[in-house]
Amino acid sequence: MPEREILTLEEVNSFLDYLKLFIIDINACTDNIEQIILAQETINLIPIQSFLGHYVYLAYSQCAINTYKIFHNGEKRSFYKLFNKIRDFDYSPELKQHFADNKTKNDNLVTNKTEFKKLVDELTTKISSKSLLIEKIKDRRSTFYAHSDPSKQIKSETLKEIKELLDFSIELYNTFYGRFKDITFFFNPNLVSISNVLEDRKFMDTYLKKMESSLY
């Protein structure tokens, strides 16, 4: 009988690192889209509207692609792939030691394989509650952004829907992270904010208006 595969502490941490990056990317994209929408009310964006339109398209695309990475069973660093390994693999000595260390901390942490499997079962149920929204955005990735399939007409995802799935992904991640390591990660800061581009456009518009008025 072949030996069962081994899940290591390093591999669980690797999953957490990748999932974090995918969620950070969605957070940055949605934040930048919102900034552009709000900026239309106070800034003349006409000179860069083609650039911003292209950027918004790419941002929506990136959100769909990352949703696929997070929630598709076949992706190498999805929640499902991690959950399957937790259920089916044996655990390395380092991972078992991590659980032993958790026993010395607060009572909410997972301390053995049974509790770890129960946690992923709970999270799988949570994911099922968002299945329609997840499938809609995954389908947009598969039939519109990543591939062109004229035979399928998938209704466009909205910013509200993406933000709903973003909030859900953060909740899912921090539930797992909190039970596994007693840590909460804050996803709010946008390190690639488009705010400087918008502020520069506002500055240039104000400057040009002053130059224009000085001529009269």
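This is a predicted model: local features need pLDDT of at least 70, side-chain atom pairs count only at pLDDT 80 or more; totals for chains, interfaces and linings use all residues.
## Basis

Local features need pLDDT of at least 70, side-chain atom pairs count only at pLDDT 80 or more, and totals for chains, interfaces and linings use all residues. Numbering runs from 1 along each chain as its sequence is written, and side-chain values use heavy atoms, without hydrogens and water.

## Salt bridges across the chain

The model has eleven salt bridges (a side-chain nitrogen of Lys or Arg within 4 Å of a carboxyl oxygen of Asp or Glu). K85 pairs with E11, with the closest N and O atoms 3.1 Å apart. K85 sits in helix α3 (residues 79-88) and E11 in helix α1 (residues 9-39), 74 residues apart. Both K85 and E11 are buried (under 20% relative accessible area; exposed is over 50%, partly exposed in between; 1.4 Å probe, protein chains only).

E34 and K163 form another bridge, at 2.7 Å from N to O. E34 belongs to helix α1 and K163 to helix α7 (residues 159-181), so this pair ties together parts 129 residues apart in sequence. E34 is partly exposed at 29%. K163 is partly exposed at 29%.

## Helix α8

K209 bridges to D205 at 3.4 Å between the closest N and O atoms. Both lie in helix α8, four residues apart, about one turn of the helix. K209 is exposed at 53%, whereas D205 is buried at 13%. Salt bridges with shared partners join R201, D205 and K209 into one network.

M211 also lies in helix α8 (residues 195-214). M211 is partly exposed because its relative accessibility is 43%.

Terms used. Helices (H or I, at least four residues) and strands (E, at least two) are DSSP runs, numbered from the N terminus.
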